[in-house]
Amino acid sequence: MSGPEPAQAAEPPERRRIVTPTRVVVGACLLVPFVAMLWVSSYAKIEPTLIGIPFFYWYQMLWVLISTALTMLAYKLVQREQRARKGGVAK
C-alpha cells in the first residue's frame, strides 16, 4: 500500500485553479466594458453628436456592441482552453 497522495494529484487536471494567459485575457475582456461604463465622466457630454444623437447615448450603445463581441471572445477562449486541457480536438 502506498501513502497518501498529494491533494493536487487527487484533483482532476481540469479542476485545478491556475492563472493562465488565456484566463487573464478573458478577465480583461469582461472587465473593460464594466470599467468603461462606470467611468461616467468620460462620456457625460453632448458633443460630438452622431446623426443628431448626443455622445452620451451613442457611446453607451456602441459599448453594447463592443461588450457583446468581448463576451463572445471570452467565451470562445474559455471553451478552447477547456478542450485543450481535456486533450480534445479543437472545433
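Which pattern does the protein chain follow, read along the sequence? The pattern is α-α-α. This is a predicted model: local features need pLDDT of at least 70, side-chain atom pairs count only at pLDDT 80 or more, and totals for chains, interfaces and linings use all residues. Residues are numbered from 1 along each chain as its sequence is written, and side-chain values use heavy atoms, with hydrogens and water left out.

The protein chain has 3 helices and 0 strands. Helices (H or I, at least four residues) and strands (E, at least two) are DSSP runs, numbered from the N terminus. Of the 91 residues, 13% count as buried. Buried means under 20% relative accessible area, exposed means over 50%, and partly exposed lies in between (1.4 Å probe, protein chains only). The chain exposes about 7,400 Å². Carbon and sulfur atoms supply 68% of that area. Accessible areas come from the Shrake-Rupley method with a 1.4 Å probe; for residues, only the protein chains shown count as cover.

Now take the contacts. A contact means heavy atoms within 4.5 Å. Among contacts with a separation of 6 or more, 46% join residues 24 or more positions apart.

Start with helix 2, residues 21-38. Helix 2 has 18 residues and reaches 26 Å from its first C-alpha to its last. That is close to the 26 Å expected at 1.5 Å a residue. The expected span is 1.5 Å times one less than the number of residues. Helix 2 also bends, by about 25° at L31. The bend is the angle between axes fitted to the seven residues ending at a residue and the seven starting there.

L31, F34, V35 and L38 make a nonpolar surface patch of about 410 Å². Patches are made of residues with over 30% relative accessible area and no salt bridge: like charges are joined within 9 Å, nonpolar side chains (Val, Leu, Ile, Met, Phe, Trp, Tyr) within 5 Å. A salt bridge is a side-chain nitrogen of Lys or Arg within 4 Å of a carboxyl oxygen of Asp or Glu.

Helix 3 comes next. It runs over residues 55-86, 32 residues in total. At 1.5 Å a residue it should span 46 Å, and its end C-alpha atoms are 46 Å apart, so the two agree. F55, Y59, W63, A74, L77 and E81 are buried in helix 3. Helix 2 is part of what covers them. After helix 3 comes G87, whose phi is positive, near 80°.

Look at W63 in helix 3. W63 counts as buried because its relative accessibility is 13%. Leaving aside neighbours within four places in sequence, W63 is in contact with V32, P33, A36 and M37. W63 and A36 are 27 residues apart in sequence, yet 8.2 Å apart in space, C-alpha to C-alpha.

T71 is also found in helix 3. At 43% relative accessibility, T71 counts as partly exposed. T71 and P33 are 38 residues apart in sequence and 9.5 Å apart in space, C-alpha to C-alpha.

Finally, turn to T20, in the loop between helix 1 (7-10) and helix 2. T20 is buried, with a relative accessible area of 14%. Not counting residues up to four places away in sequence, T20 touches E81 and R85. E81 is one of the buried residues of helix 3.
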